[in-house]
Amino acid sequence: MASARDNIPSPRGLPFVGNVLTIQDEVPIHGVERLTDLYGPIVKFNIFGKEKICIASVELLEELCDEKRFWKTPSDALSSLSKEKSDAERPRPGLFTAPSEDHEDWQQAHRTLMPAFGPLSIQQMFDEMHDLGSQLVLKWARLGPSFRIPVTADFTRLTLDTIGLCAMDYRFNSFYKDEMDPFVEAMNSTLTAASDRLKIGSMLKKMMPWDRSNNQVQIDREYMDKISLELIKHRRENPSDKRDLLNAMVNGVDPITKMKMDDRLAASNMVTFLIAGHETTSGLLSFAFLNLLKTPDAYFKAQQEVDRVVGRNKMKAEHLKQLKYIDAVLRETLRLTPTVPAFVRSIRKDNPNDIEELAGGKYAVNRDDPVLCLISKCHRDPKVYGDDANEFHPERMLEENFKKLPSGAWKPFGTGIRACIGRAFAWQESLMAVGLLLQNFNFRLDDPSYEMKIKQTLTLKPDNFFMRATLREGITAMSLQTLLSSDEEKVGSALAAKGRTDSGLMEGLKPMVILYGGNTGTCMSLAQKMSIDARRYGYQAEVLDMDGAVGHLPKDQPVVVITASYEGLPPDNAAQFVAWLESCKGSTNAEGVQYAVFGCGHSDWATTYQRIPTLVDDLLQDQGGKRLVERGLSNAADGSMGNDFDHWLDTVFWPAVASPASDNHHINSTLELEMSTQNRSSYLRQDVQLGSVVGARCLTANGEPKKRHLEVKLPEGMSYVAGDYLAVLPLNPMETVTRVQRHFRLSQDATFTIKAGAPTFLPTGQNLGVVDVLRGFVELGTPATTKDIAACVTACADSKQKTALQSLVTTTQQAISLLDLLERNPAIDMTFGTFLYMLPPLKPRHYSISSSPLANPSTCSITYGIIDEAARSGAGRHIGVAGKYLSDMKQGDEISVSVRSTNKFFHLPNDPGETPIIMMGAGTGLAPFRGFVEERAALIKAGRKLAPALMFMGCRSASADRLYGAEFDAWAEAGAVDLRYSFSREPDASDGCKYIHDRMLKDKEDVRELWRAGAKVFTCGSPAVAESIGAAALQILKEARAEQGEVLTDTEAAEWFRKLRNERFVVDVFA
């Protein structure tokens, strides 16, 4: 007869191995999390014949944390840390690895060591914690703002040194070593081996006769035991009256048995504390800074709290209890990324029940069932934390809100009597470290587009996470030592001292700073080009992303800001800068700053057009800045951004800031090249990594505009969620490169070197292949700007051609590239160096991902069209660079890619069983919705019940370009989606509906029904498609209100929709 235990859903496994292949992932815990994403809050799976149960909801966790029914059981990974040798040699279990709370070693150690973790004992450790935190501050100050801080490595140094000094009076001196301490290396080896034991690669490796990894793990364990025994021996031989953990181990007496811990038991617990005491805290600090840097408003709230509580004084223990917001930051960090992502519970030995029911009898577990409590998922339970459960909001963890949470909603330190004994130690250390660092530095991401990547040993840490640190205004590396260690009077003197700096300016040039903010590379390209032109006007310009100027806006030189908006939000590399300005409202923060702003935008985002440029311009002026010229702007919808920027520079900005003598600093608009025939070199871009193509196919019939599908195996460690973008860095077509070579008479193997110091974004002082640079570094098809055409006019020796060129200067919408101009006007005398100088850098192209990681987390697909049309210039055909590049891709080819986050609201609801969705897209605009529906199909296959999903899809023909037709039909049959087509060339095949808005109006009752049920609406397509869908939605709304006796004007209806933008109605528009 079926039991409640049989109600637990379970994926089908394979003979012998069970579900081992199902849970494979570079990050092992992610494989298990994926099962709960598919099967729900409880799932049962099989590993080599052993059944495991996993839970992932607050409701179930609260039951498992009932100490009368269940207790902690070490996981397989933890148990592997204390594998037995012979009885005489087997390591004693520490507090972390003991099999249960009734084990005599655990009981003795727990009772003996508890006093060492009392509040007074922890507070007395503060000065030593501050000493080591100061070492980290001084190190980062010495290395300077250009140093890429290896965040997790340096926090590991800090936390290892802290546990060593505070608990054992031992200095590892990690900050004075280039390599990590051997103890850390041994620990990482041991933890990684435990964590990777179920990875296919690890299992296969261990089967090889030459594998010695187990031997190395044993050597590492013995090394850690040796260090621990040496520390104990040293303390016994050199007694100390310091009330630290080591003294408690050596001299403490169990109040029950009146016995002291023997050396083997003390050594096991020493290893436990050295590992647990630093590994988890370093992960917490790393995640905390990543969360703060990705959430700038929280970053500045935390920093302002430090300024208010501590100021410029030396931090003291009593300050910590006042850091309420930082306390919430740490709590929220551990909610989203608990460094120990799970613990195991089982039925207590003294519980008379061999079966315990869960969820009111719906499920049950047996006595021998280890239940993995996946707190990494419980902490994101949307029933507790809402639809924004995956977002970082420290406010929800402020004391008054924190107290209202259910008992199972926050368990990063475990639960019950076996919860982390060192929690107070870790918390004091973390508060001190965050406060001390924010007091002295402004931080920013080394790569603003960095998305969290997880590295798992047994604990979790962010992988490849780097940041940069700049000393805050008024602090110098020379004065820092005084600030960290002295009283208030000496601190004031140190702040008053002025440091001297070397300007590094070329002779005769004045300084200028150009700040850019953008996600696609356009603003960066404009900034780079302006910096090159600046020398002609007597300036040497430094180019930085906007976040690089937080807290350090120069006041002795012009500051130019070039930025865009994205749905009214700042670009990734400007979010911190904008949040900083907003946090300084009402201040004179920008007094003395001379600035100008140029805004890039697209008028299709009408309600947020130019919002960020306008906001920055206004905030700088409100805070005392001097506006040099009126803000410039360009509308990408007009296709003339380069021209608009050049016009603003030439007619507005340079005349206002350039002195009459500036012409004396004129430089030639060219690059001095040294040509050679040596082998060329290739250069990789930093913002993308190499993936590989695993599949490519055409989706449309012959004769139709081509739409294609490309599947990419992502680089190791790169992950995504349905709705994200894939950035692809293409190569220019060889046909176009050959045209350049032919025009300038360059051989196939020609190489060149750009002289060091030349004004260019290209590598200087290095041997470069002509083909490499033309294919992978510059845009060859971008329309020539008015300035480019003017340069061609100047260089043209033929009067007839010159007249034709001059006519183009005043002609709008001429998509003629610089190369087109050179080929059509052979009298233009332009060198290859000048040509390169005029070209903008090649930019990545962004495509909506059209797959779900629940189908395959290691690969993603994109759906794209190929532009092949008559050129607007009238000269031949215009072929899209990226489309051509992608269409030439074959299985096995390498491709440079990076996952980029989309609008954070353009993702499936966290509660797919409760919230309906409506999707609307035409052509390749269905790409993100294919990912959404594929994810829903995977959930249904796993047995989940989902809210309805309605999809309006626009195509030309039912037979020629119904993209992914068979797949969508199968998903519709499974209940993942309700399809409503509109065929523009075959309306009879779609109930007479030609376009999406026609079908929406025809099926408006279905739209209304889902809207009333709380549906979230997604639109993806061209501006025209988005506009027509929006108009139909407004009409449906007005009709619905009219039936209720409420008449809305168009303005009122539009305002109602605007307020719901992103909350209920999300749009992704592409040009």
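Which residues are buried in α4? In this predicted model, the buried residues of α4 are Asp105, Trp106, Gln108, Ala109, His110, Thr112 and Leu113. Helix α4 spans residues 104–113 and is mostly covered, with 7 of its 10 residues buried. The cover over these buried residues includes two further helices, α11 (245–251) and α12 (263–294).

Five strands form an open sheet in the order β32-β31-β30-β33-β34, and their pairing is parallel. The edges of this sheet are formed by β32 (978–983) and β34 (1065–1069), each of which pairs on one side only. On average, and with direction ignored, neighbouring strands of the sheet are turned by 10° against each other. Within the sheet, β30 (residues 917–922) pairs with β31 (residues 949–955) in the parallel sense, over 6 bridges.

Salt bridges were examined next. The structure holds 58 of them. In one, the side chains of glutamate 128 and lysine 242 meet with an N to O distance of 2.9 Å. Glutamate 128 belongs to helix α6 (residues 126–143), whereas lysine 242 is in the loop between α10 (213–237) and α11, so this pair ties together parts that are 114 residues apart in sequence. Glutamate 128 counts as partly exposed because its relative accessibility is 22%.

A salt bridge also forms between the side chains of aspartate 446 and arginine 468, at 2.7 Å from N to O. Aspartate 446 is located in the loop between β9 (441–445) and β10, and arginine 468 in strand β12 (residues 466–471); the two residues are 22 residues apart, and the pair links distant parts of the chain. With a relative accessibility of 18%, aspartate 446 counts as buried.

The side chains of arginine 956 and glutamate 704 likewise meet in a salt bridge, with 2.9 Å from N to O. Arginine 956 is in the loop between β31 and α34, and glutamate 704 is in the loop between β20 (689–698) and β21 (707–713); the pair therefore ties together parts that are 252 residues apart in sequence. Arginine 956 has a relative accessible area of 24% and is partly exposed, whereas glutamate 704, at 18% relative accessibility, counts as buried.

Threonine 459 occupies the loop between β10 (454–456) and β11 (460–462). Its relative accessibility is 7%, so threonine 459 counts as buried. The side chain of threonine 459 is joined to that of glutamate 279 by a polar contact of 3.0 Å. When neighbours within four places in sequence are left aside, the contacts of threonine 459 are Glu279, Thr280, Thr339 and Val340.

Definitions and conventions:
Residues are numbered from 1 along each chain as its sequence is written. This is a predicted model: local features need pLDDT of at least 70, side-chain atom pairs count only at pLDDT 80 or more; totals for chains, interfaces and linings use all residues. Side-chain values use heavy atoms; hydrogens and water are left out. Helices (H or I, at least four residues) and strands (E, at least two) are DSSP runs, numbered from the N terminus. Buried means under 20% relative accessible area, exposed over 50%, partly exposed in between (1.4 Å probe, protein chains only). A polar contact is a pair of N or O atoms within 3.5 Å; within protein, one must be able to donate a hydrogen and the other to accept it, and residues adjacent in sequence count only if both atoms are side-chain atoms. Contact means heavy atoms within 4.5 Å. Two strands pair if DSSP finds at least two bridges between them. Axes are lines fitted to C-alpha atoms, for helices over the stretch in contact, and angles run from 0 to 180 degrees between N-to-C directions. A salt bridge is a side-chain nitrogen of Lys or Arg within 4 Å of a carboxyl oxygen of Asp or Glu.
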